[in-house]
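Open the structure in your viewer and keep the selection tool ready.

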Amino acid sequence: MWPFTSSNVPIIEAKRAERAQALENAGVDAGASDHAQYYGATAIQIVARIQAGEWTASRVLEAYIARAVFAHSKTNCLTEVFFDRARKQAKELDAEFAATGKLKGPLHGVPISIKDQFEIEGIDNTIGFTQWAGKPATKNADLINTLISAGAVLYLKTNVPQTMLAFECSNPLWGRTLNPYNPTVYTSGGSSGGEGALLALDGSALGIGSDIGGSLRIPAAYCGIYSLKPGHGRISYIGARGPVPGYDGVKTVAGPMGRSVEDVRMLTEVLLGKQGAQYDVAPVGFREVEVPSKLKFGYYTSDGFIKAAPACKRAVLETVDALRKQGHECVEVSLPDTSISTNLFVGLSSADAYKTLLSHLGPDKKEGALFLVTLGPKLPGFIRWFAAWALETILGDKIFASAMRAARTKTLTEYWALAAQRDAFTREWYTQVWDKYALDGIIAPVQALPQLPHGGCDNYSALATGTFLYNVLDMPAGCLPVTRVDTSKDSITEAWETEDGHGSKVMEKGIFYGPQKLYDPELSKGMPVNIQVVGRKWEDEKVLGMMKVVDEALQDTQGEQRMFGPGAWDRWQQSLENSK
């Protein structure tokens, strides 16, 4: 969709020119022979090398600046760029370490990228709205102060979808962010899509994102990296700007993104329980949790709304197999009706017909990715009723029909009723899943697809049901890479078509069949496939422990073939060259 109107053209041109100038003036030596050792290191290794006196914060930063410029040239992942500020900060860290021999904090010298919505004093946080440009933040978000106090070096912000209620990373102000592994065909995901692309290309050592319906996990999955969606109340969200302030039907959380489980844990340790101006988090810091030597995992390969594609199913089953080889118990679980969580998410978020959400567009054209998600409340009641009736009665799709009925304006009484249903659904989940099976954790697909093609969100935003299930339930969920799409293993088969677990007929027909199908293992060959690792509320630390168990089990099984972590993109590119 053409993003320009007469009134927003000067703003778009000015902001993009500002970004281009900052990148052009970065003064980087893109071909420096020693850069790879820095951006190929984990955040933990960076701090260790600086502490040993082998590296400096300034030298590390220069390598990541050069790599970020490269990453942006490939994916259009950056928004605000402030390299000069970062260089000054890195020099101060180096001077302090030279004088004292002590690190400023656990993140000393680690370059960390920030999702555009978090306030950094003196920097815009537009989240893609032209009307929000030219209004820099007057103070830092709470977690920004925490990061700086811990010694992190902040140097840029990353792109998001328009309104952040989509998982295709595109907006009129900054443009579209592309997937590092196949930029022509696939999106990087959203809403923390700029972070996903940048980290996958080693343009950052660690990143900060947020999640209300999958925004930490979907980009991690699409780009083959790691993330943790914490439960609400563990990490301060004060100073994170969003389009619907005050909305609490489903809680938004901030969380870490990285290139290894250990790095995600490192950042989580710094952030958990750190109080800010409004004391909005539980006063409980990171707790050391001893994960049992033999864990019991539940798993499923379909959430019942849209059946997981063969590649996503295989990722779960390969994880289960790897865990069993390590002596862990894995049992397939039956889930409560997950269409309830979908209808709750849609019903709560559409209560004002998305009036507040869309009020910030001003002169900006609405992105296509918002078409389906905002369609329901715009339809006259009779048209919505008839469309839902036709879906259920004629097409036999009760699942999609119920979601359409949920997308409408609500009275306050109806909103309260939905909130009560959300709480009842959470209680049922504890009873029917956690308690019934006596689980430590859950292994699940992230979505029904490994990645979404550009434009796919226009009509298939319901794919996010696989992630926003755990936002509705408010349970911590990690995301980590397992494998890559393999055409010899991941095609649609008769066995897959006839087995249990199928959901919305309309959705699955469009996703898996026809000339415009979204799932094509030939086209997506080699793309990352991730899983979710889920825990109970307040068990964020245990989720990180279970992620490490899973990650190590997969590494033991797959060895060098797994090819994720720092330097993964370079190794993947080299493997493609070698195969020619």
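**Before you start.** This is a predicted model: local features need pLDDT of at least 70, side-chain atom pairs count only at pLDDT 80 or more, and totals for chains, interfaces and linings use all residues. Residues are numbered from 1 along each chain as its sequence is written, and side-chain values use heavy atoms, with hydrogens and water left out.

Stop 1: A search of the whole structure finds 5 cavities of 30 Å³ or more. On a 1 Å grid over the protein atoms alone, a cavity is a set of points where a 1.4 Å probe fits but cannot get out; lining residues have an atom within 4 Å of a point. Grid points are joined across faces, edges and corners, and a volume is the space filled by probe spheres set on the points.

Select Val-346, Val-373, Ser-461, Ala-462 and Phe-468. Of the 32 lining residues, these lie nearest the centre of the largest cavity. Its volume is about 460 Å³. Now colour α11 (339-349), α13 (371-378) and α15 (398-406); each supplies at least two residues of this lining. Helices (H or I, at least four residues) and strands (E, at least two) are DSSP runs, numbered from the N terminus.

What classes of residue make up the lining of the largest cavity? There are 23 nonpolar, 9 polar and no charged residues. Ala, Val, Leu, Ile, Met, Phe, Trp, Tyr, Cys and Pro count as nonpolar, Asp, Glu, Lys and Arg as charged, and the others, Gly among them, as polar.

**Stop 2: the second largest cavity.** The volume here is about 100 Å³. Select Asp-303, Pro-445, Gln-447, Ala-448 and Gly-466, the closest to its centre of 15 lining residues. The lining has 7 nonpolar, 6 polar and 2 charged residues.

**Stop 3: the largest pocket.** A pocket is an open set of points with protein on both sides within 12 Å along at least five of seven lines. This one has a volume of about 830 Å³. Select Tyr-237, Val-244, Pro-245, Tyr-247 and Thr-252, the closest to its centre of 40 lining residues. The largest share, 3 residues, comes from α11.

**Stop 4: the second largest pocket.** About 520 Å³ of space lies here. Select Thr-483, Arg-484, Val-485, Asp-486 and Gln-561, the closest to its centre of 22 lining residues. The lining has 8 nonpolar, 6 polar and 8 charged residues.
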